[in-house]
Amino acid sequence: MAATPRFRNDADAAPDPDGTSEPAARSDGTHPVDETLPPLKMFTSGLQHVAAMYAGVVAPPMIVGPAVGLSPKETAFLMGASLFTAGIATLLQTIGFWRVGARLPFVNGVSFAGVTPMVAIGKDRGHDGIAVIFGAIIVASLLGFVLAPYFCKLVRFFPPVVTGTVITLIGVSLLPVAFNWSQGGNATADDYGSTTNIIMAAGTLVIVLALRKLLRGFLQQIAILLGLIAGTLIAIPVGITDFGAIKDADEVGFPTPFHFGAPQFEIAAIVSMCIVMLVCMTESTADMLALGKIVDRPADERTIEGGLRADTLGSAISPLFNGFMCSAFAQNIGLVAMTKVRSRFVVAAGGGILILLGLFPVAASVIALVPLPVLGGAGIVLFGSVAASGIQTLASAALEKGENALIVAAAVGIGLIPIAAPDFYHAFPEDMLVVLDSGISTGCVVAIVLNLAFNHLGRRPDIEADAGEENLDPVNASPVGVH
């Protein structure tokens, strides 16, 4: 089927008067994904990725630590370990080795999908609870590593009608996170949803939009970072910037291997984390397809296999340094789409910064100075960009043909249930909630099943012209494996 690319091929486009668009390939044949930038641009662009993902990395340990009975200092140790292991996982994705790594500007960090089952596994068990969680993550991750070559073959079931739906759901699912940050992030706080917090979020949003409009070249590309800095400076006299993290942070701290004891292995915990791993692999596959389109390097089976291997290997290594399961961070895909900085080495630089933050807690506390309302204002742009990319993909999905519009309607509708009605599945078993509470996972499964049912099984004569669709690369409508 004919497909209109979401982003025009800049090699064929007229020159950009602003100088902000990157060509599809440089004159020496280097793809923008493989391009190395000057050191300052590399650092600041990488720092921008870290700023966008920081809250998402430290949030899971902030929840799991107190739930299992760790002290505030031990919880802070978990946060530093999560930053450190997120950096390792990001380097595995961007630089890679052998057949490990998607080698795309792909950011990895602690998966939020595992928070609920990890709390259930380790609740009030202290160090033993953490040890059981780590043991379950190791087993689930090694199993995922073995399954990666087989799981990646699901890419053939992701035509534009599916990928567009999933990418849209990724963006829409992330927007409530931005709204929560904009209100203050802590629903139990007295100032949650205060006019001060919301005005700060709105002000940051306006600053980012103004910078994108007024700046040119590299400064325009780091508008998000500049907006976060400006918003934080404004927040200081307003009184919503907390300097306590800097005062209490240690200058140096290494995540001692197995700090909480040797991993323990319990069958129920392992089964639960295996389900989480399958959810993470599904979401990472969709994220790689989305990112491949944005950077103009479609993700084929080999790319997805490498990406899944990096996800699972990073997750297997993570417990060694007291970190949790790692997976793709969709918010950074929005940053790539918005800035048009496609170099994987920029994200690798971000991975290096994450490792340093894990080794120097006082440096991590500086990043933590950014108030959540400020981050929420910028997040609206970032996450909205992902949703917009999904809508652009759906525009090429031939919704007028067959039941494609119905597929999108049902998948988006079901995928929005956890967002619009968070308690909808409250009567279901907790093990099922790992999947059902993820709108991305449920929407993805529904879109794949309905696409198979309507467009492949018992195909009608009036859509026989699309008979080869299941053998096409879902990204660029060319045969899978041919690029």
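## Notes on the helices, cysteines and rings

1. Setting aside neighbours within four places in sequence, S45 makes contact with F218, I222 and V346. The residue belongs to helix 1, which covers residues 39-68. S45 has a relative accessible area of 4%, so it is buried. Please keep in mind while reading that this is a predicted model.

2. T85 sits in helix 2, residues 72-94, and counts as buried at 1% relative accessibility. Apart from neighbours within four places in sequence, its contacts are S318, F321, G323 and C326. One of those partners, C326, comes up again under the cysteines.

3. After helix 5 comes G184, which has a positive phi near 130°.

4. G292 is part of helix 10, which runs over residues 267-294. With a relative accessible area of 0%, G292 is buried. Not counting residues up to four places away in sequence, G292 touches R297, P298 and A299.

5. How many disulfides does a search of the whole structure find? The search finds 0. For C280, the closest cysteine sulfur is that of C326, at 9.3 Å; a disulfide needs the sulfur atoms within 2.5 Å, so this distance is too far for a bond. C280 is itself buried, with a relative accessible area of 3%. C152 is also counted as buried, at 2% relative accessibility.

6. On the aromatic side, the whole structure contains 5 aromatic pairs. In one of them, F134 and F324, the ring centres are 5.8 Å apart and the planes meet at 45°, so the pair is tilted. F134 lies in helix 4 (residues 126-151), while F324 is in the loop between helix 11 (301-317) and strand 2 (326-328), so this pair ties together parts that are 190 residues apart in sequence. Both F134 and F324 are buried.

7. The pair F424 and Y425 has another geometry: the ring centres are 5.0 Å apart with the planes at 85°, so it is edge-to-face.

8. A last item for anyone browsing the rings: R309 lies over the face of F145, 4.9 Å from the ring centre.

Notes: Residues numbered from 1 in each chain as written. Predicted model: local features only at pLDDT ≥ 70, side-chain atom pairs only at ≥ 80, totals over all residues. Heavy atoms only, no water. Helix = DSSP H or I, 4+ residues; strand = E, 2+ residues; numbered from the N terminus. Buried < 20%, exposed > 50% of the residue type's maximum accessible area, 1.4 Å probe, protein only. Contact = heavy atoms within 4.5 Å. Phe/Tyr/Trp six-rings, centres within 6.5 Å; stacked < 30°, edge-to-face > 60°. Lys NZ or Arg CZ within 6 Å of the ring centre and 35° of its normal.
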